[in-house]
Amino acid sequence: MNPTTITHNLQSIREKMRLSAENCGRDPATIRLVAVSKRHPTSKIREAITAGQKLFGESYIQEAAGKCQELETEAAFHFIGHLQSNKAKIAAELFTMIESVDRFKLAKGLQKHLEKLDKTIDILIQVNIGNDPNKSGVVPEKTEELLQQITSLSRIRARGLMTIPPLCIDPLQTRKHFKSLRILSEKLQKKMLFFDNDSIELSMGMSQDYPIAIEEGATLVRVGTAVFGNRPLSIPG
Ligand SMILES: *Cc1c(COP(=O)(O)O)cnc(C)c1O
């Protein structure tokens, strides 16, 4: 894909995001695009940066490490993949937000390394909203307990919830899952379980369904293929 294609894709996604927001009476400025660059080389990320995109999502620690270090001053990275506890140290160093915290053990591991780094970090709780046995994430019924536990960790700011809903053919089903995540976040907000209960992040929606996610309250949409094209099968570098 040539540079103009990434630029063009980004323009068209931003336009669709704006329209979806306006259609449901939301301020487009309250919704951020996370350009998911996993498995794409740094050169593609640079093209997106040139087109004004500063926020990226990565799923593999090893791969992300090189990219984050190389682009440290130009871009911010969210971690959106499954995070093993033994990779907590490097994750604490590299990312501005970890969107995929789904267990207390991992949160405690992050806290330990953040103390050493004298740093705080924003996280989201990944919720397995469809109770899908193939997906990671805390089940909806256990989310409150996990958030409650995390409030004891001084270096970790729980900013909101993230989900990857089960693959649904029917967009109405997908919408139902997004709505469930929003309702869950509102319930937890009433219990004051987030770092800032006046401004809660909801990360949901990917290339296929981000307009629906925005209609249901997403503040972060994670879009890969629609920005960068199909992902290469192997990890670069
Ligand atoms: C890969 C990935 C995305 C992006 O998916 P696309 O369909 O390419 O937009 C979003 N979220 C997560 C958690 C991912 O792993």
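Student: Where does the ligand sit?
Tutor: The ligand sits in the largest pocket. Keep in mind that this is a predicted model.

Student: What is the volume of that largest pocket?
Tutor: The volume of the largest pocket is about 480 Å³.

Student: How many residues line the largest pocket, and which lie nearest its centre?
Tutor: The lining has 25 residues, with Lys38, Ser59, Ile80, Gly81 and Ile164 nearest the centre of the largest pocket. By class, that lining divides into 8 nonpolar, 12 polar and 5 charged residues.

Student: Which helix and which strand each supply at least two residues of that lining?
Tutor: Helix H3, residues 61-70, and strand E8, residues 220-223.

Student: Back to the ligand. Which residues are around it?
Tutor: Val36, Lys38, Ser59, Ile80, Ile164, Met206, Ser207, Arg222, Val223, Gly224, Thr225 and Arg231 are around the ligand. That shell has 5 nonpolar, 4 polar and 3 charged residues.

Student: What lies 2.9 Å from a nitrogen atom of the ligand?
Tutor: A polar side-chain atom of Arg222 is at that distance from the ligand nitrogen.

Student: And which residues put a polar side-chain atom by a ligand oxygen?
Tutor: Thr225 does, with a polar side-chain atom 2.5 Å from an oxygen atom of the ligand. Arg231 also does, at 2.8 Å from an oxygen atom of the ligand.

Student: How much of the ligand does the protein bury?
Tutor: The ligand exposes 390 Å² when taken alone, and the protein buries 87% of that area.

Student: New topic, the second largest pocket. How much space lies in it?
Tutor: The second largest pocket holds about 290 Å³ of space.

Student: Which residues lie nearest its centre?
Tutor: Leu167, Cys168, Met206, Gln208 and Asp209 do, out of 15 residues that line the second largest pocket. Met206 is also one of the residues around the ligand.

Student: How does the lining of the second largest pocket divide by class?
Tutor: Into 9 nonpolar, 3 polar and 3 charged residues.

Terms used
Residues numbered from 1 in each chain as written. Predicted model: local features only at pLDDT ≥ 70, side-chain atom pairs only at ≥ 80, totals over all residues. Heavy atoms only, no water. Near = heavy atom within 4 Å. Polar contact = N/O pair within 3.5 Å; in protein donor to acceptor, adjacent residues only side chain to side chain. Areas by Shrake-Rupley, 256 points an atom, 1.4 Å probe, with all protein chains shown as cover. 1 Å grid on protein atoms, 1.4 Å probe; cavity = no way out; pocket = protein on both sides within 12 Å on 5 of 7 lines; lining within 4 Å. Sits in = over half its atoms within 2 Å of the grid points. Nonpolar A, V, L, I, M, F, W, Y, C, P; charged D, E, K, R; others polar. Points joined across faces, edges and corners; volume = space filled by probe spheres on them. Helix = DSSP H or I, 4+ residues; strand = E, 2+ residues; numbered from the N terminus.
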